[in-house]
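Visitor: Please take me through one part of this model, slowly and close up. I'd like to hear who touches whom there, and then what lies elsewhere in the chains.

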Amino acid sequence: MPHESALAIAPWTLCVVTQTPLAELDDSALVAAALDGRREAFDIIVERHRRSVYQVCYRFVNNHEDASDLAQDAFVRAWKGLRSFKGQSALSTWLYRIAVNVSLNKVSAKRAPTESIETTDQFEDVRIEGAPQAILRKERAAAVRRAIASLPDKQRATLILRTYHDMSHQQIAEVLGSSVGAVKANLFHALTNLKKILGSEP
Amino acid sequence: MTHLTSAELIDAMEGMLIPERAAHLAACGACRRRLDDLSSVLNEAKQVSCPEPSPLFWTHFSHRVRAAIDTEPAESRNAWPSWLRWQVLLPFGTMAMILMALMLAVPRQVATDSSENDVAVMDTPAADSADALEMLVGWLDLETAGAAAVIEPGFVEQAFLELTSEEQQELARLLRAELSREKS
Ligand SMILES: [Zn+2]
């Protein structure tokens, strides 16, 4: 993950920050500029991280409407809490943490049975394979989504960050506020449970 | 030798297993089967795609976020001017503490000035700055005070030079406003 932050910057650095085009600043400088009253700096942060924040939310809710609402909520919370971002981890790690938390709050309030899983393969071209295979593949993908949705929160979050965001165990630990050992344990249990659930699928 | 633990199986899946345990894995069919199971279910999960929204969505999304933030209450915004961040206040707090210590160490020469003189003195920039520093001591929060303990020598003077006399007067005005707001 890029842009390790260091917010403990000297006053004269602020002068440099205010003179440099925002798009050229790294994340920590953008945070400093946003805290300094430059509202457009936060727009650049949103632009830079919106896709990954949206995608992590999508993996929890499996539909576009909820994912875009959650991603928006995550950024609003980030804006409100920007002063509490201390720069010990990368801004992306901090944003992932917020996105995971808002997503878990949402899915905990509205657990699997009522969760509507969007058929995400609707945009894919099925002509490249036979119709029966395409249907089987879609059904299997839906089964995997259901299985992931049924995992306990920490296992689910760990699996999502490892599988779809290609994060290291250390990065996942930072996002989830746990240890590397706990990440490994959660990943192991997530995969074992997933195998069990998928094995019992018809 | 014992079979791989769950953590070691995860390490093996990530290609991070230590050589001694990798030797066991190479020789143990049971551990290899468990590893294959984990790897195959991870690969199956990876196949599940996330749809890519249209490029237009992202512009719309940014506007939505901006609009949502604009409806947030004003108190979450930064009301202090740009040069008056804690990076500036921090060294000033330290400087104020040093000045306060000096003031306590040196006997006061004039303690009975008239109230008119007080007003006149307060109107001069130099007195304003000294006053501002004194007020800063009361204003700085605990976190800033804690950080002040590790401030480098010379940083205070350097930060002082960063501010113009107008900024020093503005600092005094803001601090007075802040203190009167806290009192009320
Ligand atoms: Zn073994």
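**A serine and its partners**

Guide: Start with the side chain of Ser62(B), which makes a polar contact with the side chain of Arg50(A) at 2.7 Å (a pair of N or O atoms within 3.5 Å, one able to donate a hydrogen and the other to accept it; residues adjacent in sequence count only if both atoms are side-chain atoms). Keep in mind that this is a predicted model, where local features need pLDDT of at least 70, side-chain atom pairs count only at pLDDT 80 or more, and totals for chains, interfaces and linings use all residues. As for bookkeeping, residues are numbered from 1 along each chain as its sequence is written, chains are lettered from A and ligands numbered from 1 in the order in which they are written, and side-chain values use heavy atoms, with hydrogens and water left out.

Ser62(B) sits in helix α4 of chain B, residues 55-70 (helices are DSSP runs of H or I, at least four residues, numbered from the N terminus). With a relative accessible area of 18%, Ser62(B) is buried (under 20%, while exposed means over 50%, using a 1.4 Å probe and protein chains only). Set aside the neighbours within four places in sequence, and Ser62(B) is in contact with Val46(A) and Arg50(A) (heavy atoms within 4.5 Å).

Of the 202 residues in chain A, 54% are buried. Take the contacts in chain A with a separation of 6 or more: 65% come from residues 24 or more positions apart.

Back in chain B, have a look at α2, residues 19-27, whose buried residues are Arg21(B), His24(B) and Leu25(B). They lie on the same side of α2(B), because they cover an arc of only 100 degrees around the axis (taken from the directions from the helix axis to the C-beta atoms). That buried set packs against α1 (6-13) and α3 (29-46) of chain B. Pro19(B), Ala26(B) and Ala27(B) are exposed, on the face turned away from the buried side.

Like His24(B), Cys31(B) is buried.

Methods:
Helices (H or I, at least four residues) and strands (E, at least two) are DSSP runs, numbered from the N terminus.
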